[in-house]
Amino acid sequence: MTLAGDTLTISVTVNGETTELTVETRRMLSDVIRDDLGLTGTHLGCEHGVCGACTILLDGRPARSCLMLAAQADGSEITTIEGLASTDGTMHPVQQAMHDSHGFQCAFCASGFMLTTVALLAAEPKPSRERIRRELSGNLCRCTGYQSIIDGVETAVALIDTEGSDR
Amino acid sequence: MSADHQTSGLGFVGQSVKRVEDQRLLTGNGRYVADINPPGVLHAAFVRSPFPHATIDRINVSAARRAPGVVAVMTAAEINAITNPFPPFLMLDGMYTPLFWALSDDRVRHIGDPVALVLAESRHLAEDAAELVEVDYTALEPVASIADALRPTSRQVWPKADGNLLYDSSTEYGDVDAVFAAADRVITERLSCQRQSNQPMETRGTVIEVDPRTGHLTVHSATQTSHVLRWVLAALTEKRSMGSSIAAFARNKDRRTAFIAGARSFMATNKDSLGNQDNSGARSQFRKDRSFPIHMQRIGLGLLAKDDYPTVLAQDIGGGFGAKGSVHREDVALAAAAIALGRSVKWIEDRVENLTDGGHAREEDLTVSIAVDHDGTMRGLKVDLIVDQGAYPGFPVGAGFTTQIMQVMFPGSYRFEAFGMRSRVVATNKGKYVAYRGPWANETWARERMVDIVARALRMSPVEVRLRNMIGESEMPTHMITGPTIDETMSVRKTLERALQVVDLDAFERERAEAAEQGRHLGIGFACYHEAAPGPPDYMDSVNAGSDALTAEVARATIEADGSVVVYTSQMPHGQSHETTYSQVAADELGVSIDDVKVVWGDTRRTPFSLIGTGGSRGGPLGGGAIKRSSREVRRMLIEEAARMLEASVDDIEIVGGNIHVAGVPSRGLTFAEVAGAVTATDPSAHPFDATVTYNGKGDGGWSCATHVCFVDIDLDTGKVAIPRYVVVEDCGPIINPAIVDGQVRGGVAQGIGAVLYESSIYDESANLQATTYMDYLIPTTMEIPDIEIHHIETLSPGENDFRGVGEGGMIGAPAAITNAIEDALAGRGARVTTQYLPPTTILELAGVIRPD
């Protein structure tokens with residue numbers, strides 16, 4: 001059996017926009033996001049599910065797009081890093097907080113960390129530092145030693161809290 | 001963004017200004033090499049050796065060539081026919097550097113050695129076809145360790161070497177035998193460090209874009225050294241006879257003129273240093289390899305004849321830690337393929353390749369002896385170092401040059417009356433050796449480990465031994481026994497004294513005793529070092545006479561017709577936030593906001609030449625120093641013109657917030673655009689203000705210093721080492737951006753923690769690599785790296801430029817502090833830590849909980 005020529009049509013909602021895509025059945029979701037949709041903010045660090053750089057939100061939950069076939073995403077709602085900031089360029093509070101805290105250096109891992117953080121704060125708006133460490137332990141960063149990223153999550157908590165009370 | 005960057009009136013340097021890089025990098029708008037897809041690009045996959053050591057008997061590519069989407073399958077027969085070998089660079093007396101080619105032709109020398117290149121319409125199809133390439137190998141006896149390499153009967157990795165010994169050099173400073181005979185005791189230990197890997201989160205990658213009209217190559221690459229990549233690709237893809245090169249050069253007058261001017265300027269800039277060079281390295285290379293001068297001449301003449309060098313365009317890079325400072329064989333193979341096919345090509349390495357052939361480092365054995373008196377005075381030091389370089393040296397810098405730095409820095413901040421060192425480099429069947437963040441760092445690990453071993457032998461505290469032997473301010477200026485000047489910037493003692501104020505040793509001892517009652521084992525470890533970043537003016541000549549010429553950094557600053565400030569650096573940022581820090585430095589020099597400064601990097605058409613790029617903690621001291629001086633020069637030009645326009649003396653002009661005015665009369669000021677416009681009005685072709693400055697740190701310089709203190713809490717049920725507290729007291733002089741400096745320190749410490757507790761590029765006894773995924777090569781996570789407590793001392797240097805480097809220091813100090821803390825925790829059980837790598841089983845063995853098998 002040769003799969004090389006096999007294709008499949010799927011429907012996905014990416015950053016709020018619903019698209020139909022014809023993809024080879026063997027292709028990974030990460031490849032389709034990067035190559036077919038041109039959303040190159042999703043990065044590939046290890047392509048075997050350990051580093052977490054390719055993390056996206058799949059129906060609101062963090063998922064490794066390098067371990068999922070694109071076919072498996074049929075009918076789901078996907079958020080990538082490009083979907084976080086407002087259309088006018090205003091950063092999402094998590095992005096703003098990472099900026100304020102000098103969260104990242106080379107930032108190759110940043111999208112994965114920030115999308116994991118968005119999911120964490122949706123589930124637990126005021127996590128303890130220990131909880132933050134645990135939740136982010138599936139994402140690797142080689143530059144920062146993590147402290148500034150964890151500080152960034154704490155800053156995001158404060159920022160979202162202030163924004164909430166302003167409203 | 002501008003809200004972040006209000007002028008404080010105090011200047012930007014010294015403030016934790018938020019990063020200007022973030023707007024693009026945090027929103028997914030970075031442009032990393034994998035994001036670049038020229039029209040019609042072909043995707044590459046390399047066929048790599050599954051054997052550590054074997055001859056290649058036959059390669060059959062016919063099935064691969066017929067596979068769907070495949071455009072070409074190229075082996076050494078095609079690639080090496082149109083390329084030159086990597087020649088020896090930095091040759092040292094007593095060293096042999098093998099010549100090697102982009103693809104292996106008759107023999108493979110490590111798991112992952114590239115033997116063929118497949119180019120197809122997609123990466124999937126290229127990888128499918130790569131599996132169809134049939135290679136017949138005959139396995140040879142592998143050389144799997146330093147011990148194997150030194151065995152006279154072992155199979156030679158490089159036929160022209162002396163066995164597998166590539167370098168053997170001994171140096172003595174002072175009368176080593178006399179000092180060792182006179183001292184009360186000699187304490188000796190054999191220490192060994194495991195093979196490690198840099199592991200940036202972004203793997204290697206290169207996209208070569210071919211202009212279909214002109215054939216010009218634009219090379220997008222994850223490189224730390226864009227200009228070196230450009231020159232190496234130009235040099236190694238120009239294969240032609242010497243006669244035709246000479247004829248072409250003779251015909252091309254522009255090229256001749258440019259070459260002569262360039263050579264004159266280089267000689268003039270580096271006159272003193274070049275005069276010191278000796279040729280003993282080239283002579284020892286020639287004794288082993290008579291062919292190398294022919295290749296060198298052919299390459300050199302080819303460069304003169306070549307009329308179109310590639311452009312290297314490197315933008316956002318996902319970390320490097322030294323690994324991307326080498327030019328890799330794959331880059332040359334890709335460039336050759338792009339030229340041969342006239343098509344753009346793209347290669348993005350996968351993680352398995354990166355762990356295998358993306359660069360290894362630090363596998364070193366060190367036998368260290370210290371001659372010491374009973375009162376703890378260390379008098380003599382002897383070191384026998386052996387580096388396992390694997391099969392291929394990194395290019396242009398292999399292990400030999402690193403041993404020279406290790407030698408100069410080994411005595412550290414202690415007074416020794418005599419020091420002797422033997423350095424050897426061996427070849428084995430392992431992945432190539434590259435620089436990894438503080439490539440010489442095992443001098444600090446071994447020395448600081450030994451200080452603790454000496455202290456324990458003398459029943460003294462490790463802190464007491466350090467303080468007794470460490471050079472203090474009252475003795476300055478003086479010299480390290482290896483040559484370099486020690487001035488007040490060698491502030492290691494100050495960092496140690498501050499560390500002792502920060503950590504309460506008495507409180508720790510009470511805590512240790514309480515923990516012991518609960519069966520927990522606490523320990524504390526110290527490590528002290530100073531690093532040449534950039535080092536005193538005589539530093540590079542102590543390492544290798546004449547190599548000063550390598551270290552100059554060039555920067556250009558301009559004020560454009562619209563008044564904007566643009567600075568051009570030859571640094572190659574890959575996480576260190578150069579764009580932010582250089583904006584800070586230039587903005588302060590010019591009296592503008594950092595939002596008014598644009599930093600240009602990575603584009604060889606626009607940035608000044610550098611032989612290094614980013615590495616060696618140069619970004620602050622040399623890169624920053626060059627930016628500061630070029631900005632200052634352009635300010636001088638601007639003020640001169642403004643003074644003329646304002647009919648005032650240049651001495652009376654000041655610039656505040658972009659307003660150029662006579663001091664005290666800001667209301668009658670001029671903007672940058674007005675002054676620049678006045679120049680372009682009279683001569684529209686003029687580039688209003690433009691200054692290029694070469695800066696090598698001479699006369700400024702100085703040392704970057706730190707003391708690290710690590711606390712450990714060891715669980716002897718599991719062998720897990722927890723680090724409840726980690727303190728760094730560092731002195732890199734005046735800090736440009738504290739948040740960025742702290743980030744560099746923490747990142748380095750995190751890699752040091754990984755090196756001691758988690759990371760090993762381990763090979764078995766047959767030279768098979770055992771760690772080829774992130775399930776085997778363990779990068780520490782948020783659960784393993786604690787918050788790092790950082791304290792700063794900002795010692796000023798006597799020179800004008802005070803910035804000192806901080807990129808590597810975290811990793812230089814950490815392995816020693818951690819291993820010292822572990823031995824301290826287990827000292828009651830008789831533990832002696834002699835390896836840098838201490839995974840849980842080793843911890844349990846050291847503690848006597850389990851027996852080594």
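A disulfide is a pair of cysteine sulfur atoms within 2.5 Å. By that criterion, the structure holds zero disulfides over all chains. This is a predicted model, in which local features need pLDDT of at least 70, side-chain atom pairs count only at pLDDT 80 or more, and totals for chains, interfaces and linings use all residues. Residues are numbered from 1 along each chain as its sequence is written, chains are lettered from A and ligands numbered from 1 in the order in which they are written, and side-chain values use heavy atoms, with hydrogens and water left out.

**Cysteines**

- The sulfur of A:Cys46 lies 3.9 Å from its closest cysteine sulfur, that of A:Cys51, which is too far for a bond.
- A:Cys46 is buried, at 4% relative accessibility (buried means under 20% relative accessible area, with a 1.4 Å probe and protein chains only).
- For B:Cys732, the closest cysteine sulfur is in B:Cys705, 9.9 Å away and therefore too far for a bond.
- B:Cys732 has a relative accessible area of 2% and is likewise buried.

**Fold of chain A**

- Chain A contains five helices and five strands (DSSP runs: H or I of at least four residues for helices, E of at least two for strands).
- Their order from the N terminus is β-β-α-β-β-β-α-α-α-α.

**Extent and burial of chain A**

- The C-alpha atoms fill a box of roughly 55 × 35 × 25 Å along the principal axes.
- Of the 167 residues in chain A, 54% are buried.

Notes. Buried < 20%, exposed > 50% of the residue type's maximum accessible area, 1.4 Å probe, protein only.
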